[in-house]
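Okay, everyone, thanks for coming. Let's have a look at today's structure together, and I'll talk you through it piece by piece.

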Amino acid sequence: MKQTVKVKPSTNEKIVVDAKGKDTKQLNEILRQLVAQGHTHIELKNVFGQRYIGTDLRKPVQIDIYGTPGNDLGSFIEGPRIVVHGNAQDGCGNTMNDGKIVIHGHAGDITGFAMRGGKIFVRDDVGYRVAIHMKEYKGKKPVLVIGGTAQDFLGEYIAGGILIVLGLTLKRDEKHRANFIGTGMHGGVIYLRGNVAPHQLGKEVSILKLTKEDLRELRAYVEEFASHFHFDSEEIMREKFIKLLPLTLRPYGKLYAY
Amino acid sequence: MKTLLPPEFKIIRDEAKCIKCQVCVRQCGFEVHTYDEEEDVVLSNNAKCVACSRCVKFCPTSALNVIKNPLSYRENTNWRQEVIHDIIKQAETGGVILTGMGNDKPYPIYWDHLVLNASQVTNPPIDPLREPMELRTYLGSKPDQLVIKGKHVKTKIPPQVPIETPILFSAMSYGSISLNAQLALARAASEFGTLWNTGEGGLHKELYKYGSTTIVQVASGRFGVHPDYLYAARVLEIKIGQGAKPGIGGHLPGEKVSSPVSRTRMIPKGTDALSPAPHHDIYSIEDLAQLVYALKEATNYQKPVCVKIAAVHNSAAIASGIARAGADIIALDGLRGGTGAAPKIIRDNVGIPIELAIASVDTRLRQEGIRNRVSLIAAGGFRSSADVIKAIALGADAVYIATAALVAMGCHLCQKCYTGICNWGIATQDPYLSKRLNPDLATQRLINLLRGWSLEIKEMLGGMGINAIESLRGNRLHLRAVGLTQAEMDVLGVRQAGA
């Protein structure tokens with residue numbers, strides 16, 4: 001059923017849509033229509049599990065989400081800036097190409113899966129298999145900053161981009177719990193604040209100290225993170241970070257007989 | 001380490017005919033032939049020969065021939081020559097043996113045990129030369145029922161893609177084959193009215209203009225997948241598996257990731273392009289449904305979504321899941337499907353023959369009353385129009401061909417695609433080699449193949465008294481089995497010939 005758009009424009013040209021009772025297809029169709037009409041700032045109220053929000057908009061619109069968006073939030077996006085005032089579910093930013101997603105809460109499994117560009121900031125923790133197969137290309141360098149900690153397989157197969165884990169939700173001296181961090185890593189970089197034991201890392205990964213350039217790069221993203229969630233970036237930066245890099249860009253180069 | 005591997009092939013040079021023009025030297029990318037200026041003689045190193053026939057066919061005086069190396073091992077049906085060679089190779093390298101193209105082992109080829117019917121006296125045959133014969137096939141999900149009011153169809157029909165012959169070009173990525181080869185496939189598909197498939201390597205800029213006849217793949221590595229790529233295509237294909245390597249991922253070695261390949265795949269030059277074995281966002285049918293609809297949402301429900309799987313033991317149940325996950329098309333790739341690179345042990349031992357898979361999937365979907373919801377494309381070693389028409393009679397809507405298309409372009413099945421060297425200019429990114437494939441000629445050869453097969457299909461259809469390919473689909477009464485067991489006939493749903 002095609003939904004007609006009945007929304008009241010509020011001040012600041014922001015338009016408010018009540019997502020209550022609308023299914024995924026209906027809600028996304030409304031978003032398409034609003035963006036086609038030229039709206040650039042949309043607020044979604046009462047979002048409850050609707051999937052793929054932001055997909056197929058292809059313009060630098062701002063979407064504020066209240067409630068809980070469903071899986072694949074912002075998948076394939078190229079432009080939109082999405083702010084979730086709450087938690088996100090699985091697959092947030094799946095294969096995203098450009099744009100920004102800010103989550104004031106937790107995000108689920110496979111956050112940032114195969115993302116090639118844009119930025120994701122998650123205030124709290126994330127689930128399993130986060131940032132798998134993130135990759136970069138030329139001007140496109142994806143950035144995923146996780147304020148808390150992550151579950152297993154963090155950054156598996158990562159081929160490019162920057163993954164930052166701040167561990168802010170860990171108690172003092174509490175270790176990150178993820179295992180298999182960076183398994184199959186063959187590009188990109190992971191910056192990790194807080195402690196991990198070597199056995200938690202994939203065998204394709206090496207631990208390095210941060211250089212001055214690394215710190216400069218890291219600080220910029222930490223400041224951006226802190227500004228979204230009102231943290232003190234200086235305090236975050238005071239703790240020690242480690243840098244994880246792939247041992248080789250060809251982890252499986254010697255596997256075959258020709 | 002000195003290799004104990006004997007040459008597989010032997011080059012026979014007729015010195016009386018050889019004019020030392022060195023065409024063979026220049027044509028062989030494997031550097032088999034060398035010219036010794038001092039002695040004025042062309043030498044050949046048998047050990048490097050792959051039997052691709054390039055030098056043989058290009059020798060202007062027909063002075064060359066390549067034969068199997070007659071080196072004799074003691075006869076042994078268990079320890080065959082290939083087995084011994086593989087062991088030696090692994091003893092020397094400790095690696096996984098790679099290969100290219102499809103399974104070459106002597107599994108039963110069921111096509112050769114199925115024969116077609118023809119009309120005699122009653123239900124007379126139709127002459128396709130004089131009467132219209134329709135091969136057009138519509139790919140896409142068909143509604144469960146049609147609501148018609150007056151002259152108008154009220155039911156919303158999902159996107160349909162017409163193809164003028166039930167033959168499509170199967171996925172071959174840019175990276176595994178050259179741009180010239182992809183260009184020829186794209187042009188031939190456009191001109192003939194069918195579709196070609198990008199594989200998982202992205203869509204080269206120059207090929208965007210063929211978008212309306214392009215199937216683009218979304219595979220586990222998500223290489224080159226972005227909104228423009230999705231919107232450019234006619235059909236979106238989620239690649240779960242491939243017949244040549246069911247259950248394992250892909251791996252384009254860094255050496256093959258040249259600048260243009262890196263641009264199209266959108267990864268840095270020289271890095272390995274790893275496709276994980278699973279899609280890490282798909283661990284269940286529900287997850288698959290999520291990606292199917294993610295793609296539909298990303299393209300505003302304008303394009304059918306195909307899910308490609310390798311034919312394996314549980315294909316029928318999986319296909320049912322795929323249909324219920326909202327896919328419009330299922331592509332099934334059988335045991336003999338080709339590849340640009342795969343571990344030989346996987347290629348030769350994993351998966352089931354496509355004939356059995358088509359029959360069991362079609363049967364299952366019919367039993368569940370959901371056959372109309374998906375089109376079924378079969379793939380994996382289709383050699384002729386007879387294989388195609390038998391596949392359709394077994395229950396496929398259309399057929400993917402790749403190896404046959406490569407052979408039409410010049411491939412001689414030497415199975416060395418994984419080396420990146422291809423003397424026929426197909427499976428290579430080396431500009432010196434890839435410019436050998438003239439895209440105009442290759443396009444014409446592909447169109448000729450499609451035309452020849454299509455004409456033959458019309459002849460066979462007419463012979464059965466059928467004038468539209470749609471009437472043959474799943475019509476297994478037009479097939480009979482010769483030399484199969486009862487169990488095989490039961491799976492195929494085909495009766496014994498003469499019975």
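Let me begin with one term: two strands count as paired if DSSP finds at least two bridges between them. Keep that in mind, and keep in mind too that this is a predicted model.

In chain B, strand S6 (114-116) and strand S22 (residues 479-481) pair in the antiparallel sense, over three bridges. Which residue of S22(B) is the bridge partner of B:Leu114? That's B:Ala481. These two strands belong to a three-stranded open sheet, ordered S6-S22-S23 in chain B, with mixed pairing. At the edges sit S6 and strand S23 (495-496) of chain B, and each of them pairs on one side only. Now find helix H11 (residues 385-394) of chain B: it lies across S6 and S22 of that chain, and it runs at about 90° to S6(B).

Staying in chain B, let's go to the inside. The largest nonpolar core has 129 residues. Among the residues with the most contacts inside that core are B:Phe169, B:Ile358 and B:Ile426. Which helix gives the most to this core? Helix H4 (residues 179-192) of chain B does, with nine residues. And where does the core lie? Domain 1 (9-95) and domain 2 (137-496) of chain B both give residues to it, so the core lies between them.

Let's zoom in on B:Ile426. Leaving out neighbours within four places in sequence, B:Ile426 is in contact with several residues, including B:Ser176, B:Ile177, B:Ser178 and B:Ala181. Its contacts also include B:Leu406, B:Met409 and B:Leu437. There's a second, separate core as well, with 50 residues, and it includes A:Ile15, A:Leu34, A:Val61 and A:Ala178.

That takes us over to chain A. This chain has three helices and 12 strands. Buried residues make up 58% of its 258 residues. The C-alpha trace spans about 60 × 50 × 30 Å along its principal axes. How does chain A fit the rule for a compact globule? For 258 residues, a compact globule would have a radius of gyration near 18 Å, and chain A has 19 Å, which agrees. Also, take the contacts in chain A between residues at least 6 apart in sequence: 43% of them join residues at least 24 apart.

Now the sheet in chain A. Eleven is the strand count here: 11 strands form an open sheet, in the order S1-S2-S3-S4-S5-S6-S7-S8-S9-S11-S10, and the pairing is mixed. Strand S1 (15-18) and strand S10 (205-208) of chain A each have a single partner strand, so one side of each is left without a neighbour in the sheet. From one strand to the next, the twist averages 15°.

Let's walk through some of the pairs. Strand S3 (residues 62-68) and strand S4 (residues 78-85) of chain A run parallel, joined by five bridges. Across that pair, A:Ile63 stands opposite A:Ile82 in S4(A). S4(A) also pairs with strand S5 (residues 98-103) of chain A, in the parallel sense over five bridges. There, A:Val83 has A:Val102 as its bridge partner in S5(A). Parallel or antiparallel, what about S10(A) and strand S11 (residues 241-246) of chain A? They pair in the antiparallel sense, over four bridges. In that pair, A:Val205 stands opposite A:Pro246 in S11(A).

Two helices go with this sheet. Helix H1 (residues 24-36) of chain A lies across S1 and strand S2 (41-48) of chain A, and it runs at about 170° to S2(A). Helix H2 (residues 212-229) of chain A packs on the sheet too, touching several strands, among them S4, S5, S6 and S7 of chain A. The direction of H2(A) makes about 60° with that of S6(A).

One last stop: the backbone angles. Most residues other than glycine have a negative phi. A:Arg129, though, has a positive phi of about 60° and is not a glycine. A:Arg129 lies in the loop between strand S6 (119-122) and strand S7 (143-146) of chain A. Buried or exposed, which is A:Arg129? It's buried, with a relative accessible area of 12%. In the loop between S6 and S7 of chain A you'll also find A:Ala131. A:Ala131 has a positive phi too, about 65°, and A:Ala131 counts as buried at 0% relative accessibility.

How values were computed. Residues are numbered from 1 along each chain as its sequence is written. Chains are lettered from A and ligands numbered from 1 in the order in which they are written. This is a predicted model: local features need pLDDT of at least 70, side-chain atom pairs count only at pLDDT 80 or more; totals for chains, interfaces and linings use all residues. Side-chain values use heavy atoms; hydrogens and water are left out. A nonpolar core is a set of buried Ala, Val, Leu, Ile, Met, Phe, Trp, Tyr and Cys residues joined through side-chain atoms within 4.5 Å. Buried means under 20% relative accessible area, exposed over 50%, partly exposed in between (1.4 Å probe, protein chains only). Domain bounds come from an automatic or database domain assignment. Contact means heavy atoms within 4.5 Å. Axes are lines fitted to C-alpha atoms, for helices over the stretch in contact, and angles run from 0 to 180 degrees between N-to-C directions. The radius of gyration is taken over C-alpha atoms; the globule rule is 2.2 Å times the number of residues to the power 0.38.
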